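Good morning, colleagues. Please have the sequence and the model open while I speak.

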Amino acid sequence: MSKQVTSACACRDIHYGCDKATCTQAKYAKGGGTVRPLKEYRRCATEEGCQTCSIIVNALSIPQIKSAWQASIAPALQSNDDEVIWALAEDQNEIGIEIETPKRMTGGWFLRTRASGTSQHWRHFDLWIDPATAPENKSCKAFIPRSCHPVERTDSPEALEHLKEWLRKCNGVHSCRPNDDTELPARLVKVTDNQVKVVDTEGQKGRYTTLSHRWGIGETFKLTTGNATKMNDNIPWDSIPRTYQDAIKVTRGLGVDYIWIDSLCIIQDNLEDWKRESIRMRTVYGHSYLNIAACHALDSNGGLFSSSPLPQLFPALPVPGSTGVYIRNQPHMTHADYGSNYWSDSQPLLGRGWVLQERLLSPRVVYYDGEELKWECGAAKDCQCGGMVVISNFKSDYTAALLEQGGSPAPLPFAWMRIAERYSHLRLTYDADRAVALAGIAGQALKSGRGGRYLAGVWERGLAHQLCWEISDTHRKPRPEEGVPYLAPSWSWLSVFGRVHYSNRMDFDMDASAIAVDITEAECTAAAQTDQTGVVTGGFLKVNGRGVELLARIDGADLGSKTKPPGYRLAHAETGVELGGMFRADYVMSEARARAVRNVFVLFWGVMFPDQSTFLVLRQVPGDERRFERLGIWWFKSRGQHGEVELLLDLCKMEKDVVII
C-alpha cells in the first residue's frame with residue numbers, strides 16, 4: 001500500500017511482513033519499537049507520496065482518534081518525566097508514533113502515540129484492513145486483517161468464534177499444551193448428551209475444561225458425602241447455579257466433554273478427599289484444555305456472560321481515502337489486572353489468592369469479564385478490544401522466565417518477585433493457606449530447575465536479592481499464640497501479611513545491584529518430606545557480613561496503629577550518635593512488644609538498584625545471642641544520604657555465622 005519510495009520511509013517498520021522483492025520498504029523494516037514524530041509521516045506522505053504514511057496520518061487525523069491522543073499532551077507537559085516531548089507545547093505534530101509489529105508483540109499489531117516515556121502518556125490504536133472490502137495489493141502487505149473485535153454480548157456466536165480462533169492458533173502454532181488427550185482427574189463433570197453429571201474418570205484420557213470462579217457466602221451447590229449418588233445421576237439443569245451453567249455452555253460450544261469445577265469434583269465435607277485432590281490441583285489445571293475464568297461474578301450465581309459497551313464506546317472508524325482500512329481507539333489503562341508491572345482490583349475473581357495458581361498453571365485461560373473476552377496462553381495474549389496486546393503480560397512474562405526463552409525480560413528469581421508482589425495482596429479466607437495456595441506455582445517453577453531450591457516463598461538462586469522486600473500495607477504478622485500455625489521464617493515475605501514491594505525488581509539483572517553479604521547456608525524444614533513447596537515448620541539463614549548493634553527507641557509517641565507499624569530512632573550504643581532517619585518495622589505490634597525492642601542488629605545488605613544502600617534490621621531471639629529475626633528493612637539513598645551511609649558503614653564490623661530464623 002505504498003508508492004515505491006526507495007529510501008527509508010517513516011512507515012518502514014509496518015512493512016516487516018512484506019516481500020522484499022516487491023516492497024521497497026521491507027528491507028528497512030526492523031519489526032517496530034522505533035519512535036518517530038507524526039510530522040515525519042506527514043512529510044513522507046506529502047513530499048515522497050508514500051501511500052502508507054498517508055493512511056497513518058489520515059487515520060490519526062480522524063476527530064475521535066485525534067482527540068484521544070491530544071488528551072495525553074497536557075498531562076505529559078505538566079509532568080516531571082525525563083522523556084517528555086517538550087516540542088509538543090508548540091507543535092502537536094511532534095507527537096511520537098511507534099509501530100508495533102508481530103515481531104515485537106503477539107496477537108496482532110497497533111499504533112502507539114507517545115507524549116513522553118511514561119505509559120500514562122501513551123495512547124493505543126488498532127489499525128487493520130478488511131480483506132473483504134479492501135482492494136488487493138500484491139506488492140505490499142503492510143496492513144494485516146484483524147478478525148477479533150468487541151461484541152455486544154459475550155455469549156454471542158461471534159464471541160464463541162473468537163475463542164475458537166484463539167484456540168486454533170494456539171493449537172496450530174504454539175506448544176502451550178500437547179494436542180493429544182491427557183490423563184483425566186479423579187472426577188469430572190460430564191456435559192455430553194444434554195446431561196450434566198459428576199463421574200469418576202481416574203485413569204482415563206481425554207479433554208476437559210476447568211473453571212476459575214469466586215465462592216460466595218453460604219454456597220450450597222456442592223459435592224458432599226450425602227449427595228454423591230444424586231450428583232452421579234443427571235443433575236436437573238435448573239438446579240445448577242448460573243456461573244456453572246454458562247461454563248458448561250462454553251465447554252459444549254468447544255466440543256469438549258468434561259469440565260472440572262472444584263465444588264463439584266472435590267467432596268467438600270471429606271477432609272481426606274480435599275487434601276488428596278488439592279495436592280493434584282497443579283496437575284488438574286496444568287492439563288486442562290482451557291481454563292474458563294468468571295471474572296466479574298461475585299458468586300456461583302453471577303454468571304459468565306455480560307452485555308458490553310465497547311462496540312459503542314470504541315467503534316471501528318473507516319480511514320478517509322482508503323477503502324477497507326479501519327482504526328479503533330483502545331481503552332486507556334484498563335487492562336492492568338493482566339499486566340506485569342501494573343495491577344488493579346477491578347475484577348473480583350482476580351483478587352482471590354487461590355486463583356493466581358489457576359491462572360499461571362493453566363496452559364490457556366479465557367477471561368469473561370464485564371466487557372469482553374480476554375485470552376492468555378504461554379506464548380500470546382489478546383482480547384476483543386486489543387488492549388491486552390499493548391502491555392507486558394504477567395502470565396506471558398512468567399512463562400518466558402520459567403523457560404528462560406531468549407525474549408524473557410527477567411530470570412526466574414526476578415520474575416518470582418512479581419509473583420510475590422501480586423500474590424501478597426490477594427485475599428485468602430484462612431491464614432494457614434498462605435503457603436499452600438502458592439505451592440502449585442512453586443512446584444511448577446521448581447520442576448523447571450531455573451531457581452534452585454525453593455525456600456518458603458523465595459529461591460536459592462539470587463536469594464539475597466529476593467530478601468529486599470518491604471511491606472506497604474496491612475503489616476500483620478500472625479503468631480502461634482494467636483492460633484495461627486507457623487507460616488515462614490522471618491526473612492521470607494510469606495511471614496508477614498501485606499502488599500509486598502521490591503524496589504530492586506525493575507532492573508531485571510543481578511549485576512545492577514551489589515550484594516554485600518555472603519549467605520553460607522539456607523534451609524527450610526518442610527512439614528511433609530515429599531512436598532518442598534508447601535507448609536514449612538522452620539527455617540534459617542547463616543550469613544557473613546558487616547553489621548553493628550544499635551540502640552532502638554520509639555520515635556516520640558509513634559507506636560503505630562492497627563495498620564501502621566511502630567517507628568524507631570536508632571543510635572550507636574557506645575557513642576549515642578543517632579543514625580539516619582526513622583526506621584519503621586515490617587509489622588504491627590502491641591505497645592508492650594513495640595517498647596520491648598531496645599536493641600537491634602543492623603546488617604549491611606548491599607547497594608540495590610537504582611541507588612539504595614540497604615540494611616536489614618534484626619532483633620535478637622530471646623536467650624540466644626547469635627540467632628535473630630528480621631524486624632524490617634532500612635533504606636538510604638546512596639547519593640543524597642552519602643554521609644549517613646558512610647558513618648554507619650564505618651561503625652559496622654565483619655560478623656560471621658549470623659543466623660536469621
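Which residue in strand 24 is the bridge partner of Ile554? The partner is Tyr568.

Before I continue, a word on the source. This is a predicted model, in which local features need pLDDT of at least 70 and side-chain atom pairs count only at pLDDT 80 or more, while totals for chains, interfaces and linings use all residues. Residues are numbered from 1 along each chain as its sequence is written, and side-chain values use heavy atoms, with hydrogens and water left out.

Two conventions apply to what follows. Strands (E, at least two residues) and helices (H or I, at least four) are DSSP runs numbered from the N terminus. Two strands pair if DSSP finds at least two bridges between them.

I begin with strand 23, residues 531-554. Strand 24, residues 567-572, is joined to strand 23 by five bridges, and the two run antiparallel. Strand 22, residues 518-528, also pairs with strand 23 in the antiparallel sense, over nine bridges. A hairpin of two residues connects strand 22 to strand 23, and Asp518 has Asn544 in strand 23 as its bridge partner. Strand 29, residues 653-660, runs antiparallel to strand 23 and is joined to it by six bridges; here Gly545 stands opposite Glu655. Strand 26, residues 599-608, contributes five bridges to strand 23, again antiparallel, with Asn599 as the bridge partner of Leu551.

I turn now to another part of the model. Eight strands form an open sheet with mixed pairing, in the order 7-6-10-9-11-14-15-16. Its edge strands, each pairing on one side only, are strand 7 (197-200) and strand 16 (381-383). From one strand to the next, the twist averages 30 degrees. At one end of that order, strand 15, residues 373-377, pairs with strand 16 in the antiparallel sense over three bridges. Glu376 has Lys381 in strand 16 as its bridge partner.

Helix 5, residues 157-173, lies across strand 11 (290-294), strand 14 (364-368), strand 15 and strand 16. The helix runs at about 10 degrees to strand 15, where axes are lines fitted to C-alpha atoms, for helices over the stretch in contact, and angles run from 0 to 180 degrees between N-to-C directions. Contact here means heavy atoms within 4.5 Å.

Where does Thr154 sit? Thr154 is in the loop between strand 4 (122-129) and helix 5. At 2% relative accessibility, Thr154 counts as buried, that is, under 20% relative accessible area, with exposed meaning over 50% and partly exposed in between (1.4 Å probe, protein chains only). Beyond its neighbours within four places in sequence, Thr154 contacts several residues, among them Ala159, Leu304, Tyr368 and Leu373. The side chain of Thr154 also reaches the backbone nitrogen of Ser306 at 2.9 Å.

Finally, the cysteines. How many disulfides does a search of the whole structure find? The search finds zero, a disulfide being a pair of cysteine sulfur atoms within 2.5 Å. For Cys377, the nearest cysteine sulfur is that of Cys176, 3.8 Å away. Cys377 counts as buried because its relative accessibility is 0%. For Cys383, the nearest cysteine sulfur belongs to Cys385, at 3.7 Å. Cys383 is likewise buried, with a relative accessible area of 0%.

Methods. A polar contact is a pair of N or O atoms within 3.5 Å; within protein, one must be able to donate a hydrogen and the other to accept it, and residues adjacent in sequence count only if both atoms are side-chain atoms.
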